[in-house]
Amino acid sequence: MSNLVIETSGLTRYFGRKCAVDQVTMSVPRGAVFALLGRNGSGKSTIVRMLLGLLEPTRGSASVLGEDCQRLSPATRGRIAYVAEGHPLIDWMRVGQLEDFQKSFYPDWDGHLFAKVVEHFDLNIQARAGHLSRGQRAGLSLALALAARPELLIMDDPALGLDPVARRTLLETMILMTRDAGHTIFFTSHVLDDVERVADHVAIIDRSILRVSCPVETFHARVKAVVLEFAGPPPQMPKLPGLLESRRTANQVRLIIANFGPDAERIIASLGAMSVNEAALSLEDAVIAYLGRRGEQTSLLSDIKEIGVAK
Amino acid sequence: MNLDLDISAGSPSPIFRQIVEQVRTAVMTGKLAEGDQLPSVRGLAERLLVNPNTVARAYGELTRDGLIDGQPGRGVFISKPRQMYTKAERQRRIGPLVDALVHEGLWLGFSADELIESLSQKLDKAANHDTSRRKST
């Protein structure tokens, strides 16, 4: 059995003339909790839908559990569970009916686990899906996915719109799934604190292009903030390899640099700063540096001096 | 076992490092002593709600540093204290902490003598604690 659960190669998808996913090559190792991050509209959901064979790639290929995504056999599909964005459910069905329906696709159905998760989200087995709150819908779609005991769980923004308690339960269900050795979770998210807790691999897609795909700890270690302090106004910054962001204040420049290495270090040393301090970044700040605009930055807060002046 | 770890996501310090540092502090301050058992990797992961690989990585680093010892089939225990770093490495590790103490102390308006005094009080306390712990084991 291959050690890679998901493999894509040059995966590309156009919608008309618009490129939604541009030559994405990535692999997800077995047993990983893999988070795909990116802004809204960056191509995350398009990737997810291609992985499930719901959408055809324009070019390139993708395989899951060793099978081409375009030709997944029912047996292989039965080893994958999918939690779609917004937790869509068949609204006229009752909770119990949805269980029976889902069960018919999954030979390893775990009714006990389903009951436990449903109970945890305060769901009545008789309730109709259409009458559930958003948190309950999320709970139900998680229960339907987890009880399938899938080898691969794919979730598209499962935390979207959840309150803090429901989000915590989502986190618990993901940790619960890691008890099954060799089972893999691939999910997209915007909740970076949760990603930091639960994910061990992270990928970042920015405007259709995959920019990062590595273990979380590698990402954490490679993206650094460097603060340069000058006696007077800072000089113009030269071109720096791996520069993601630079912000200047009266006598300081704060750079965020990916793969901070000897080359960047040498250039920085030549700038004549009074002091150069390297600092670690939170996962959130590092991700935002990747997803923000490149180069010299100003924030919205400093762009707008006073609100309501220009009328 | 009186290990009370408190980790937070969203900090510049990665979660595995927070675990390493808190276990280290617990050993230094005597909250954990030789022979105390730590939770299993999975047990701690589920309690802290973090990926088990993160806990495994922290335990790996603590094992390499000689602070803990995994005994197959029995669990993870605090090991007998031993020195495994070279002098240079120890200096590299203590340097930033001394800097922080000096800067913060001077900024708060303490004199050098006051800082030395409070440091030596702490050191005395730690030494006493250490000898009493050794006697009891």
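**How many residues does H1(B) have, and how far does H1(B) reach from its first C-alpha to its last?** H1(B) has 14 residues and reaches 20 Å between these two atoms, close to the 20 Å expected at 1.5 Å a residue. The expected span is 1.5 Å times one less than the number of residues in the helix. The model shown is predicted: local features need pLDDT of at least 70, side-chain atom pairs count only at pLDDT 80 or more, and totals for chains, interfaces and linings use all residues. Residues are numbered from 1 along each chain as its sequence is written, while chains are lettered from A and ligands numbered from 1 in the order in which they are written. Helices (H or I, at least four residues) and strands (E, at least two) are DSSP runs, numbered from the N terminus. Among the residues of H1(B), Ile15(B), Phe16(B), Gln18(B), Ile19(B), Val20(B), Val23(B) and Ala26(B) are buried. A residue is buried if 20 or more other C-beta atoms lie within 10 Å of its own, exposed if 12 or fewer, and partly exposed in between, with C-beta atoms placed from the backbone. The buried residues of H1(B) pack against H7 and helix H8 (216-222) of chain A, together with H3 of chain B. After H1(B) comes Gly30(B), which has a positive phi near 85°.

**Chain B meets chain A.** The contact involves 16 residues of chain B and 18 residues of chain A. Two residues are in contact if their C-beta atoms, placed from the backbone, lie within 7 Å. On the side of chain B, the elements that give two or more residues are helix H1 (15-28), helix H2 (41-48) and helix H3 (52-64). H3(B) gives the largest share of this side, 3 residues. By class, this side of chain B has 9 nonpolar, 5 polar and 2 charged residues. Here Ala, Val, Leu, Ile, Met, Phe, Trp, Tyr, Cys and Pro count as nonpolar, Asp, Glu, Lys and Arg as charged, and the others, Gly among them, as polar.

**Helix H5 of chain A is mostly covered.** Helix H5(A) (residues 134-146) has 13 residues and reaches 18 Å from its first C-alpha to its last, close to the 18 Å expected. Of these 13 residues, 12 are buried, including Gly135(A), Arg137(A), Leu140(A) and Leu146(A). Their cover includes strand S6 (80-83), helix H3 (95-103), helix H4 (111-120), strand S7 (152-155) and helix H6 (164-177) of chain A.

**Phe34(A) and Leu140(A) have the most contacts inside the largest nonpolar core.** This core has 109 residues, and H5(A) gives the most to it, with 7 residues. A nonpolar core is a set of buried Ala, Val, Leu, Ile, Met, Phe, Trp, Tyr and Cys residues joined through C-beta atoms within 7 Å. Leaving aside residues up to four places away in sequence, Phe34(A) touches Val28(A), Ile185(A), Phe186(A), Ala199(A), His201(A) and Ala203(A).

**Strands S9 and S10 of chain A form a hairpin.** S9(A) (residues 201-206) and S10(A) (residues 209-215) pair in the antiparallel sense over 6 bridges. Two strands pair if DSSP finds at least two bridges between them. Ile204(A) has Val212(A) in S10(A) as its bridge partner. Between the strands there are 2 residues, and Arg207(A) in the turn has a positive phi of about 45°.

**Two domains are assigned in chain A.** Domain 1 covers 4-207 and domain 2 covers 219-298; such bounds come from an automatic or database domain assignment. Their C-alpha centres lie 36 Å apart. The contact takes 9 residues from domain 1 of chain A and 6 residues from domain 2 of chain A. On the side of domain 1, helix H7 (192-198) and S9 of chain A are the elements that give two or more residues. The residues of that side divide into 5 nonpolar, 1 polar and 3 charged.

**Asn259(A) has a positive phi although it is not a glycine.** The phi of Asn259(A) is about 50°, and this residue lies in the loop between strand S13 (252-258) and helix H9 (262-269) of chain A. Asn259(A) is exposed because 12 other C-beta atoms lie within 10 Å. In chain B, Leu49(B) also is not a glycine and has a positive phi, of about 60°. Leu49(B) lies in the loop between H2 and H3 of chain B. Leu49(B) counts as partly exposed because it has 16 C-beta neighbours inside 10 Å.
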